[in-house]
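Try each task before reading its solution.

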Amino acid sequence: MVSLFYTPRLMPTKASPSKSENAFAPRLKRVRAAMRDSDLEALLITNPKDVDYLTGFHGEDSWAIVAPRAVFVVSDFRFQEELDAIKNAKLIIRKGAIDEAAAGALESFKGIGVQAEHLTVATRAKLAKALGAKRLVDTTGLLSTIRLRKDDSEISLIRKAVRIQQQALEETLAGVGPGQTEADIAAELEMRMKRLGASGPSFGTIVAARANGSKPHYRPAKTKTAKNQPLLIDWGAVVGGYCSDMTRTFTFGRWPKPLADVYQIVLEAHLAAIDAVAPGVKCRKVDAVARDIITKSGYGEHFGHGLGHGIGLDIHEGPRLSKQSEETLEPGMVVTIEPGIYLPGIGGVRIEDDVLVTDRGRRNLCSLPKAIDWATR
Ligand code: ZN
Ligand code: ZN
C-alpha cells in the first residue's frame, strides 16, 4: 500500500498465539536501555501497538507502564480474562479514568517519559496536573525506533501473513474475470484471508478496475472489470497483529497502450530495487535505483510516491524508502518495494513485495509470480 496517501487506522486483532513470553524480555531490555539514555525512571506507553509489542496484549483503551523492574498494563474489567493470560505484566484494572489510574501507578517516579506522538494535549495536561509538570518528559520515536528491527517471532508472523494473503489471492483469482465489481472482488479476497487465519486485512483492500488503477489510494466501488482492461489489487493480511502488504496488476486479454511497456518498466524497477536492498544501504539509494529506471523510461513524473515503507504491527512504519529518507537499512528491517506508474484515464501499474533485510543482503518474503505472462489473464 502506498504510504503517502495513508490515514492510519487500527484493525481489531485477536490472540497472538505464536508470541512466546520470552519474546518480550529482549524488547523490554532495549526499551529500558533507551530509558536510561534519556534519564527516565518510568515510561508511559499510550500507543496500543506499542502496548502489544511489549506485553502481547492488544485490547483497546489500555496503556502500559515500563518501570525499572516491572511492566504494568492499565486496563478495565472487559479485558480481565485476556489479561490474566499475560504473564509478563502486572495488571491494573481501573475503576475511573485511565489517566487517573496511570497517574496513581506513576506516583513514586520522577522522570516519567510520555509518548508525545501518541498522547493528546488534553490528556497530557491532566497527567501534568496529577503528577506535576516537571516530572513529565516528552519522548518521540522511542518505541518506533526499537520496532524498526524485527526479531524472529515478528518475522515469522509477517511470513505467515504473506503466505495467507498469497493463497487468498490465488484462490480469488481462479474465479475472477471480466464483468465483476471491484467491491465483490475485494470482499471475496478479504473473506478468504480470514478463512485462512488472518484476523483481518491489514488495510482496506484496494481493487481498482480499468482506469481506476491510476489513483494510488483508490477505494473499491461498483466499477466492473472488463476485457482488455487492467485490474490493480493491493492487499494484505494481519496475523498475530502483524501486517503484510503486496500489489499485483493484471489485465484480461490485451494490455491497453502503453501499459504492457509500463508493466515491464515497473517490473524492472521493482527487481532492481530489491537487488539493491542490503544492510548499510541508504533508504534513499534504494528509492533512487527504482526511480532512475522509471525516469529514464520517460515516466518519472508518473511515479509520485516513495518506493516503500517498513511493515510490522503497523501497515506503515519506518524506515521510509523515499527521496527524502535519512534512514539506513539494517538487518531485521522488513520493507515493501512498490514502484508504480500512474496514467490518468488509462490505468496504473504497481508491483509490491515485502523484503527482509538480512545480515548479508535480503530475502524476499513474497513468492507470487510477477512476469507479464502470469499477469495477462
Ligand atoms: Zn500495498
Ligand atoms: Zn505498501
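**Exercise 1.** In this predicted model, find how many bridges join strand E5 to E6, and how the two strands run.

*Solution.* Start at strand E5, residues 112-115. Its link to E6 consists of 4 bridges, and the two strands run parallel.

**Exercise 2.** Now work out the strand order of the open sheet and name its edge strands.

*Solution.* Reading across the 6 strands gives E4-E3-E2-E1-E5-E6. The pairing is mixed. Next, look for strands that pair on one side only: these are E4 (90-93) and E6 (136-139), the edge strands. From one strand to the next, the twist averages 25 degrees. Finally, see what lies against the sheet: helix H4 packs on it, touching E1 (42-45), E2 (63-66), E3 (71-75), E4 and E5. The direction of H4 makes about 10 degrees with that of E2.

**Exercise 3.** Are helices H4 and H5 parallel or oblique to each other, and which residues meet?

*Solution.* First locate the helices: H4 spans residues 98-106 and H5 spans residues 121-131. Their axes come within 10 Å and cross at roughly 40 degrees. Angles under 35 degrees would count as roughly parallel, so H4 and H5 are oblique. H4 passes H5 in a right-handed crossing.

Then list the contacts:

- From H4: Asp-99, Ala-103 and Leu-106.
- From H5: Thr-123, Lys-126, Leu-127, Ala-130 and Leu-131.

Sorted by type, the residues of this contact are 5 nonpolar, 1 polar and 2 charged.

Key: Residues numbered from 1 in each chain as written. Chains lettered and ligands numbered in written order. Predicted model: local features only at pLDDT ≥ 70, side-chain atom pairs only at ≥ 80, totals over all residues. Heavy atoms only, no water. Axes fitted to C-alpha atoms, helices over the stretch in contact; angles between N-to-C directions. Parallel < 35°, antiparallel > 145°, perpendicular 65-115°, else oblique. Left-handed = near helix turned anticlockwise from the far one by under 90°. Contact = heavy atoms within 4.5 Å. Nonpolar A, V, L, I, M, F, W, Y, C, P; charged D, E, K, R; others polar. Pairing = 2+ DSSP bridges.
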